[in-house]
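Reader: Before I build anything on this model, I would like to go through its side-chain pairings and its surface with you. Could you take my questions in turn?

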Amino acid sequence: MIGRKTGISLGLALFLLAPIFAQAQPPTTDQPPVTRQPVASQPLTIDEAVRLAISRNRTVQAAREQVEQAQAGIEIAEAGRRPMVNATVQYNRNPGGGEFEIPTVPGQPPQIVTISATENTIGVIEARQAVYTGGRVSAEISRAQALYDVSLGQLGATEAEIALSTRETYYNALLAQSLTESEQLNLEAAQEALRVAEARFDVGTAARFDVLRAQTTVSEAEQRLEEARNRARIAEIALNRLIGAPIAQDQQLVSPPLAPLPERGPDALVDAALVQRGEVLASRAQVAAAEAGIRIARSERRPEIGVAATYQIVGNENPGQTTGLAFLATASLPIYEGGRISANIRQSQSARDEARLNLEETERTVEQDVRQEYLNLQTDRRTIETAEARLRQAQEAYEIATVRYEAGVGTAVEVADALATLAAARTNLDQARFNYNIAFARLQRALGLAIY
């Protein structure tokens with residue numbers, strides 16, 4: 001029964017590999033195939049990858065532009081406290097040429113007046129200063145500063161998200177490379193088992209089935225190694241795309257040591273996240289901006305007082321237009337505006353209540369993220385310890401199976417099974433380390449950290 005399954009597996013493997021062997025034949029054309037040579041690179045650490053991704057990411061750049069816009073908004077709002085100076089020049093010209101009569105005393109002919117051409121230039125310099133605006137200007141400045149804080153918080157959240165994505169991609173590439181190395185070790189072990197089986201078959205101490213089984217194991221190991229290499233290359237391409245490097249560039253990744261477990265407990269980590277995470281900072285700033293909006297709406301009910309000074313220069317003075325300096329004060333108070341101000345106040349209050357609800361929900365989400373990733377990190381750390389113990393057991397079991405087979409008291413099936421168990425143990429350890437690194441990166445993201 002075992003021989004039948006082995007024969008089917010070997011036949012199926014040969015059938016699946018036949019197209020590959022067929023494609024491996026040399027091309028019929030005289031032109032050599034065109035291949036893309038990989039670009040050499042320097043060792044790339046995970047921190048450097050994060051910095052490259054953040055500096056080149058379009059979403060991060062757009063968030064920085066929003067910060068610049070918010071900074072300009074503060075300057076615009078602060079301009080309301082400063083005096084405004086305007087200068088205007090007006091030129092008037094009357095072509096003249098008309099005549100009209102002015103009646104005189106009875107019996108006397110009317111007086112004829114001729115309108116001659118006239119030109120006049122008037123220059124005015126005006127300075128205005130708001131004295132009291134009902135708190136509108138100060139509230140507009142507060143809102144602009146709050147919106148600036150919103151943009152900073154959103155920028156921090158965006159950078160932290162890009163950093164997490166980069167770390168996940170980097171660790172995925174490292175995992176793919178590690179799995180490739182594990183598959184290479186598995187192939188070498190399978191090739192050694194095949195050598196032993198062929199040697200024993202040559203001296204008549206092993207059956208032909210042992211050789212066939214070992215050959216099948218080697219073929220399967222070769223296939224898994226090729227698949228692992230392809231996955232490693234695909235992961236490297238994804239990393240190059242994320243950090244803005246040439247797609248075909250070969251990256252020399254540096255495996256960082258496992259990060260230590262956090263010294264602080266989940267409660268302290270939650271407190272830290274509520275202080276520094278960008279989403280929370282942005283939500284709190286949104287509340288502050290909404291509260292400033294209420295003050296702006298209420299300021300419309302209060303009077304506005306201002307002073308102005310004008311200096312007029314008239315080219316050709318006349319009784320109606322003369323050169324001189326004038327001062328004036330202005331005051332305005334809305335009397336009836338159709339309910340617009342009351343509606344604006346209610347709208348601003350509703351926006352403030354909405355911002356508070358969003359802040360509360362954001363804080364709850366952040367707390368959930370921190371506690372969840374903290375537990376995941378603890379679990380993944382214990383998983384690594386278990387995987388390391390299983391790898392040691394699998395390594396020992398494989399060595400025992402190999403010694404037994406070489407001594408003639410074991411079977412090829414035992415060796416193959418032990419090798420499969422060893423390969424699975426290596427893969428499980430690689431995966432456990434990958435999961436731990438990702439859990440640590442996600443915990444730092446939950447804390448709002450981009451660079452650490």
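Predicted model: local features only at pLDDT ≥ 70, side-chain atom pairs only at ≥ 80, totals over all residues.

Author: Residues are numbered from 1 along each chain as its sequence is written, and side-chain values use heavy atoms, with hydrogens and water left out.

Reader: How many salt bridges does the structure hold?

Author: Side chains of opposite charge can pair when their charged atoms come close. A salt bridge here is a side-chain nitrogen of Lys or Arg within 4 Å of a carboxyl oxygen of Asp or Glu. By that criterion, the number of salt bridges in the structure is 25.

Reader: Which helices do Glu161 and Arg445 link, and how many residues apart are they?

Author: The side chains of Glu161 and Arg445 meet in a salt bridge at 2.9 Å, N to O. With helices taken as DSSP runs of H or I of at least four residues, and strands as E runs of at least two, numbered from the N terminus, the pair links distant parts of the chain, namely helix 4 (residues 136–202) and helix 9, with a separation of 284 residues.

Reader: Is Arg445 buried or exposed?

Author: Buried means under 20% relative accessible area, exposed means over 50%, and partly exposed lies in between, with a 1.4 Å probe and protein chains only. Arg445 has a relative accessibility of 7%, so Arg445 is buried.

Reader: Which residues are joined with Glu279 into one network?

Author: Glu279 forms a salt bridge with Arg277 at 3.0 Å, N to O. Glu279 is partly exposed at 23%, whereas Arg277 is buried at 8%. Through salt bridges that share partners, Glu279 is joined into one network with Glu161, Arg277, Asp369 and Arg445.

Reader: How far from the ring centre of Tyr405 is the charged end of Arg200?

Author: A charge sits over a ring if NZ of Lys or CZ of Arg is within 6 Å of the ring centre and within 35 degrees of the ring normal. The charged end of Arg200 sits over the ring of Tyr405, and its distance from the centre is 4.5 Å.

Reader: What area does the nonpolar surface patch with Val85 have?

Author: Patches join residues with over 30% relative accessible area and no salt bridge, like charges within 9 Å and nonpolar side chains (Val, Leu, Ile, Met, Phe, Trp, Tyr) within 5 Å, and areas come from the Shrake-Rupley method with a 1.4 Å probe, only the protein chains shown counting as cover for residues. Val85 lies in strand 2 (residues 84–94) and is exposed at 58%. Together with Ile125, Tyr311, Ile313, Leu325 and Phe327, Val85 makes a nonpolar patch of about 640 Å².
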